[in-house]
Amino acid sequence: MTTYIMLGHWTDQGARSAVDSPRRLDAAKALLAGMGGEFKHFFLTMGAYDIIAVYEAPDDAVAARFSLQLGMLGNVRAETLKAFPEAAYRAIVGSLSYEEPPRWRT
């Protein structure tokens with residue numbers, strides 16, 4: 001499964017009904033599970049984002065559908081990042097070429 005990081009902002013609607021947010025989180029977890037995914041971590045945060053979630057989904061299409069469905073509910077606006085675990089990071093970086101890149105003529 002692929003890991004995704006969701007950075008979320010409550011909308012005005014979501015902030016006004018913050019007391020209902022634990023119920024909405026449970027519904028989001030059920031929605032994602034129904035798509036074959038799973039929440040790994042969830043945080044209420046202070047600063048640039050209101051919430052941060054780490055979740056796994058079978059593929060990018062499922063992650064996109066999940067994000068769109070959350071947005072359609074009107075309580076949160078999310079920015080989703082695809083995350084590469086350390087092993088993938090090492091493989092990606094290890095595959096880089098050390099050749100000098102071509103220079104453009106000016």
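Select Leu25 first: this residue lies in helix α2, where helices (H or I, at least four residues) and strands (E, at least two) are DSSP runs numbered from the N terminus. The model is predicted, so local features need pLDDT of at least 70 and side-chain atom pairs count only at pLDDT 80 or more, whereas totals for chains, interfaces and linings use all residues. Residues are numbered from 1 along each chain as its sequence is written, and side-chain values use heavy atoms, with hydrogens and water left out.

**Leu25**

Leu25 is buried, with a relative accessible area of 17%; buried means under 20% relative accessible area, exposed over 50%, and partly exposed in between (1.4 Å probe, protein chains only). Display its surroundings next: leaving out residues up to four places away in sequence, Leu25 touches Phe39 and Phe42, contact being defined as heavy atoms within 4.5 Å. Ala15 lies 10 residues from Leu25 in sequence and 14 Å away in space, C-alpha to C-alpha.

**Helices α2 and α3**

Now select residues 21-34, helix α2, together with residues 60-73, helix α3; the two pack at an angle of about 150 degrees, with their axes 10 Å apart. Here axes are lines fitted to C-alpha atoms, for helices over the stretch in contact, and angles run from 0 to 180 degrees between N-to-C directions. Helices α2 and α3 are therefore roughly antiparallel to each other, as angles over 145 degrees count as roughly antiparallel, under 35 as roughly parallel, 65 to 115 as roughly perpendicular and the rest as oblique. Show the side chains at the contact: Ala28, Leu31 and Leu32 in α2 meet Phe66, Gln69 and Leu70 in α3. By class, this contact has five nonpolar residues, one polar and no charged ones. In that scheme Ala, Val, Leu, Ile, Met, Phe, Trp, Tyr, Cys and Pro are nonpolar, Asp, Glu, Lys and Arg are charged, and the others, Gly among them, are polar.

**The nonpolar core**

Which residues have the most contacts inside the largest nonpolar core? Select Met6, Phe39, Tyr55, Ala57, Phe66 and Leu70, which hold that position in a core of 16 residues. A nonpolar core is a set of buried Ala, Val, Leu, Ile, Met, Phe, Trp, Tyr and Cys residues joined through side-chain atoms within 4.5 Å. At least two residues of this core come from each of β1 (2-10), α2, β3 (51-57) and α3. Centre the view on Met6: beyond four places in sequence, its contacts include Ile51, Tyr55, Leu70 and Thr80.

**Ala53 in β3**

Move to Ala53, found in strand β3. Ala53 is buried, with a relative accessible area of 0%. Apart from residues up to four places away in sequence, Ala53 touches Tyr4, Ile5, Met6, Phe39, His41 and Phe42. The C-alpha atoms of Ala53 and Phe42 are separated by 4.3 Å, although these residues are 11 apart along the chain.

Select Trp10 in strand β1. Beyond four places in sequence, Trp10 touches several residues, among them Ala18, Arg24, Leu44 and Asn75.

Finish at Phe43 in strand β2 (residues 38-44). Phe43 is partly exposed, with a relative accessible area of 42%. Leaving aside neighbours within four places in sequence, Phe43 is in contact with Asp50, Ile51 and Ile52. Phe43 and Leu96 are 53 residues apart in sequence and 34 Å apart in space, C-alpha to C-alpha.
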